[in-house]
Amino acid sequence: MGGRLVTILVLTSLLSAVGCTEPVPPRKPDPPKQTLTLATTTSTRDSGLLDAILPAFHDQTGIQTFLFAIGSGQALEFGRRGDADVLLTHSPAAEIQFVLDGFSDKRVPVFYNDFVLIGPPNGPFHEKPPTSLDDALRTIEADNMIFISRGDDSGTHRKEQELWDSAGITPEFSNYLSAGSGMAQTLRIAEEKQAYTLTDRSTFLVLHSELNLEVIVEKDSRMLNHYSVMAIDADRHPHVKAENAQKFVDFLQQESTRQMIREFGRKEYGQPLFFVE
């Protein structure tokens, strides 16, 4: 009898304890991850610059960046459709028009490098170097040398078209070929065909060890290559992540980021690949 009483008392105590336990609230779902869609030119990816700076942006803001590395013309079209939150491009005239058309409030220049004309080291220019960029382009056209154009409405392609026009040439010679691809692939085609092409210096330096190509013309004032960032206007596309886009714009302008850009490539290539505005 005594044992049964003890057992009853123990069970009663346990049931009382269970009855007094606070109900466990349901687990709240994790907040959605902060994201940002960035449409940019291939050179910022192919040079390795974005790999160098985007981790710092994530560490600082917690924002995960989804990257579309395409030609500047395509990136601007992404922005017009609202398929990106922010753009990082290098096509100044088109960017100015983009802002005038109301797709962004502001175009913010952030860094620059330059373009170079490259070609085979043992080509005709080895014996007789061109006197100028215009001289080189006129010789390429007159002698029907192989020239690989990006042909993709990128900032590089648009600059190349400007330079042909400045030299008074419409490039319709038979060995003027269109790659229709990004900078790295265009350089590989130029290597395969031992051809001439226009490239940003940063991508060329990164891939230089793979290429039997050399700089033919450089440091012409028309060959500066300016990059700008633009947040897409939320009044035009209400679904864009305007706050996150502005954080990226601010990130590119802060001194710690500018210092990373100044130093990027210096150790590996003996010179910085980009210069801050």
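How much space lies in the largest cavity?

Modeller: About 40 Å³ of space lies in the largest cavity. The model is predicted, so local features need pLDDT of at least 70 and side-chain atom pairs pLDDT 80 or more, while totals for chains, interfaces and linings use all residues. Residues are numbered from 1 along each chain as its sequence is written, and side-chain values use heavy atoms, without hydrogens or water.

A search of the whole structure turns up 1 cavity of 30 Å³ or more. (On a 1 Å grid over the protein atoms alone, a cavity is a set of points where a 1.4 Å probe fits but cannot get out; lining residues have an atom within 4 Å of a point.) Volume is the space filled by probe spheres set on the points.

The lining of the largest cavity consists of Leu117, Leu133, Leu137, Phe147, Glu160, Leu163 and Leu198. By class that is 6 nonpolar, no polar and 1 charged. (Asp, Glu, Lys and Arg count as charged; Ala, Val, Leu, Ile, Met, Phe, Trp, Tyr, Cys and Pro as nonpolar; the others, Gly among them, as polar.) Helices α7 and α8 each supply at least two of the lining residues. (Helices, H or I with at least four residues, and strands, E with at least two, are DSSP runs numbered from the N terminus.)

Now those two helices. α7 covers residues 133-142 and α8 residues 155-166; they pack at about 90 degrees, with their axes 9 Å apart. (Axes are fitted to C-alpha atoms over the stretch in contact, and angles run from 0 to 180 degrees between N-to-C directions.) That makes α7 roughly perpendicular to α8. (Under 35 degrees is roughly parallel, over 145 roughly antiparallel, 65 to 115 roughly perpendicular, the rest oblique.) On the α7 side, the contact uses Leu133, Asp134, Leu137, Ile140 and Glu141. Leu163, Trp164 and Ser166 come from α8. (Contact means heavy atoms within 4.5 Å.) The classes are 5 nonpolar, 1 polar and 2 charged residues.

Compare the open space. The largest pocket holds about 210 Å³. (A pocket is an open set with protein on both sides within 12 Å along at least five of seven lines.) It is lined by 14 residues, and Asn113, Asp114, Arg201, Lys219 and Phe275 are the closest to its centre. Strand β4 (108-119) and helix α10 (201-207) each give at least two lining residues. The lining splits into 7 nonpolar, 3 polar and 4 charged.

Other helix pairs pack at other angles. The axes of α4 (residues 72-81) and α5 (residues 92-100) come within 11 Å and cross at roughly 5 degrees. That makes α4 roughly parallel to α5. Leu76, Gly79 and Arg80 of α4 meet Ala94, Glu95 and Phe98 of α5. For α11 (residues 242-253) and α12 (residues 255-263), the axes come within 5 Å at roughly 60 degrees. These two are therefore oblique to each other. Phe251, Leu252 and Gln253 of α11 touch Glu255, Thr257, Arg258 and Met260 of α12. That contact has 3 nonpolar, 2 polar and 2 charged residues.

Last, the rings. The structure holds 15 aromatic pairs. Among them, Tyr227 and Phe274 sit edge-to-face, 5.7 Å centre to centre with 75 degrees between the planes. (Rings of Phe, Tyr and Trp, its six-membered ring, pair with centres within 6.5 Å; under 30 degrees is stacked, over 60 edge-to-face, the rest tilted.) Tyr227 lies in strand β9 (residues 224-231) and Phe274 in the loop between α13 (266-269) and β10 (275-276), so the pair ties together parts 47 residues apart in sequence.
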